[in-house]
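Here is a friendly briefing to read alongside the model. Keep the viewer open and look up each residue as you go.

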Amino acid sequence: MSVAILARPAWEIAAAVRGGSLSATAVTEAALDRIARLNPVLNAFTDVTADRARAEAAHLDARIAAGADPGPLAGVPVAVKNLFDIRGLPTRAGSLINRERPPAGADAVLLQRLTGAGAVLVGGLNMGEYAYDFTGENAHDGACRNPHDPARMAGGSSSGCGAATAAGLAPLSLGSDTNGSIRVPSSLCGIFGLKPTYGRLTRHGSFPFCDSLDHLGPFARSARDLALAYDILQGPAEGDHACAGRPVEPVLPTLGTGLEGLRIAVAGGYFSRGGLPEAHDAVERAAQALGTDRVVEVPGAELGRAAAYIITNAESSAFHLDRLRTRAGDFDPDTRDRFLAGALLPAAWYVQAQRVRRWYHDQVMALFREIDVLLAPATPCTAPLVGQKTMVLDGREMPVRPHLGLFTQPISCIGLPVCAVPMALPGALPIGIQVIAAPWREDRCLRVAAALERIGLARAPLAGPGEA
């Protein structure tokens, strides 16, 4: 029963609950049952909020029985990366140190928006320590595993989001993306993910990593679900200095408008090399399906990635400096060493990185005067094995952890909106592409994602041990 319910998209679950053919309680019990069965293998959840979920579901059912409108996400189970505040729980951010914090007094704003629309919170999700990770291997909570093959990585740092959404433990989830932490798990787990424009969604009530690069966004198994969640998450909010305060600009109504008028190109140069054949084949298949053979160079992408490295290292280490001084032994040694290296960076490097970032931004904005959408690989490979340290790219043995972000980091550096789109092949591990647009044009990213889904090229089937 749980598989049948949770294999359905979120919008369909909500419609059934709103229409009375399915109760929120039945959906919640199906999710909790599936979590109980699969999470011991996948390790996607660090906190299961079963009592809260049951209470929220019962409240929704009572409201529906009384004739009230339960909201567009009525009864849909959701889960959030454990750097989001969850009322009554300490905000772990994947760390050992943070679990000593007092319980959060209120949910993060974005979680409030989801539950205010009728969603039911089922828990907090595993992640890389302090979000400084691409693999999903947490030293304190254990590695999160890929539902297509539990011997493989889910990707990070929003590892639990990728695994939980792909496996149907929660049809929707919320994660964060600083250098690729939504897009990497989406690619490796075979689901849709959206990194909105920097400043589009408020970060209030989430634990920071790198202030000038941090984004929050949703994961889903369909473009329509992704657009539905994104529309609910939008809007001005207090408490985040970077939030642009733009009004809600709905994208859901645009999904069916097709691609007419969109100038779509493939990102060449930097983005056309370095990955394994499956990464570039995925982009080529998408381009052919969309009817484009245009290839454009993204000027300065390599420099953009270098700038992102330095900015991330410098800002995150400054934020954690007191913890490094007093609790160094309580960090994952790999994370700690990256933070310590950042603390030793010369200030001149950070200043120069910000200059490069501005120059690179201007180059790419000039490119978007000629095109509307760029296609690029999301990850250089399918999911590596848990514990794998190196991989061969362009004939060279390279470390896995940093190079999973090879294609995502240059886009984060300048805050562009990106939709990660799964390019599933029968019998093969999934891999995703990035659909990239100019700032504030998430609608274009999602239109392309929806078009690829309609023609059957983008698919995110329910996955799980024994079910993939």
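Tyr 130 sits in the loop between β3 and β4. Helices (H or I, at least four residues) and strands (E, at least two) are DSSP runs, numbered from the N terminus. Please keep in mind that this is a predicted model, in which local features need pLDDT of at least 70 and side-chain atom pairs count only at pLDDT 80 or more, while totals for chains, interfaces and linings use all residues. Residues are numbered from 1 along each chain as its sequence is written, and side-chain values use heavy atoms, with hydrogens and water left out.

- Most residues other than glycine have a negative phi, and most peptide bonds are trans.
- Tyr 130 is not a glycine, yet its phi is positive, at about 50°.
- With a relative accessible area of 1%, Tyr 130 is buried (buried means under 20% relative accessible area, exposed over 50%, partly exposed in between, with a 1.4 Å probe and protein chains only).
- Ala 93, also not a glycine, has a positive phi of about 55°.
- You will find Ala 93 in the loop between β2 (77-81) and α5 (109-116), and at 1% relative accessibility Ala 93 counts as buried.
- Gly 156 and Ser 157 are joined by a cis peptide bond with omega of about 5°, and Ser 157 belongs to the loop between β7 (149-153) and α6 (159-166).

**Aromatic pairs**

- Rings of Phe, Tyr and Trp (its six-membered ring) pair if their centres lie within 6.5 Å; planes under 30 degrees apart count as stacked, over 60 as edge-to-face and the rest as tilted.
- By this rule there are ten aromatic pairs.
- One of them is the tilted pair of Tyr 132 and Phe 209, with 5.0 Å centre to centre and 50° between the planes.
- Tyr 132 lies in the loop between β3 and β4 (137-138) and Phe 209 in the loop between β9 (192-195) and β10, so this pair ties together parts that are 77 residues apart in sequence.
- Tyr 132 and Phe 209 are both buried.
- Tyr 270 and Phe 271 make an edge-to-face pair, because their ring centres are 5.2 Å apart and their planes stand at 85°; both residues are buried.
- Tyr 130 turns up again here, as a member of one aromatic cluster with Tyr 132, Phe 207, Phe 209, Phe 319, Phe 331 and Phe 339.

**The sheet**

- Eleven strands form an open sheet with mixed pairing, in the order β1-β3-β2-β8-β10-β9-β16-β17-β13-β11-β12 (two strands pair if DSSP finds at least two bridges between them).
- At the edges are β1 (45-48) and β12 (295-296), each pairing on one side only.
- Strands β8 (residues 172-177) and β10 (residues 215-220) pair in the antiparallel sense over five bridges, and Asp 177 stands opposite His 215 in β10.
- Strand β16 (residues 418-422) is largely enclosed by the rest of the structure, because five of its five residues are buried.
- Val 418, Ala 420 and Pro 422 point one way from β16, while Cys 419 and Val 421 point the other way.
- β9 runs antiparallel to β16 and is joined to it by three bridges; Gly 193 has Ala 420 in β16 as its bridge partner.
- β16 also runs antiparallel to β17 (residues 432-437), with five bridges joining them, and Cys 419 has Val 435 in β17 as its bridge partner.

**Nonpolar cores**

- A nonpolar core is a set of buried Ala, Val, Leu, Ile, Met, Phe, Trp, Tyr and Cys residues joined through side-chain atoms within 4.5 Å.
- The largest such core has 140 residues, and those with the most contacts inside it are Leu 374, Leu 375, Val 421 and Ile 433.
- Leaving aside neighbours within four places in sequence, Ile 433 is in contact (heavy atoms within 4.5 Å) with residues including Ala 282, Leu 375, Val 421 and Leu 452.
- A second, separate core of eleven residues includes Val 184, Cys 381, Met 391 and Val 400.

**Helix α16**

- Helix α16 (residues 442-454) has 13 residues and reaches 18 Å from its first C-alpha to its last, close to the 18 Å expected at 1.5 Å a residue (the expected span is 1.5 Å times one less than the number of residues).
- α16 is mostly covered, with eleven of its 13 residues buried; among them are Glu 442, Asp 443, Arg 444 and Arg 447.
- After α16 comes Gly 456, whose phi is positive, near 85°.
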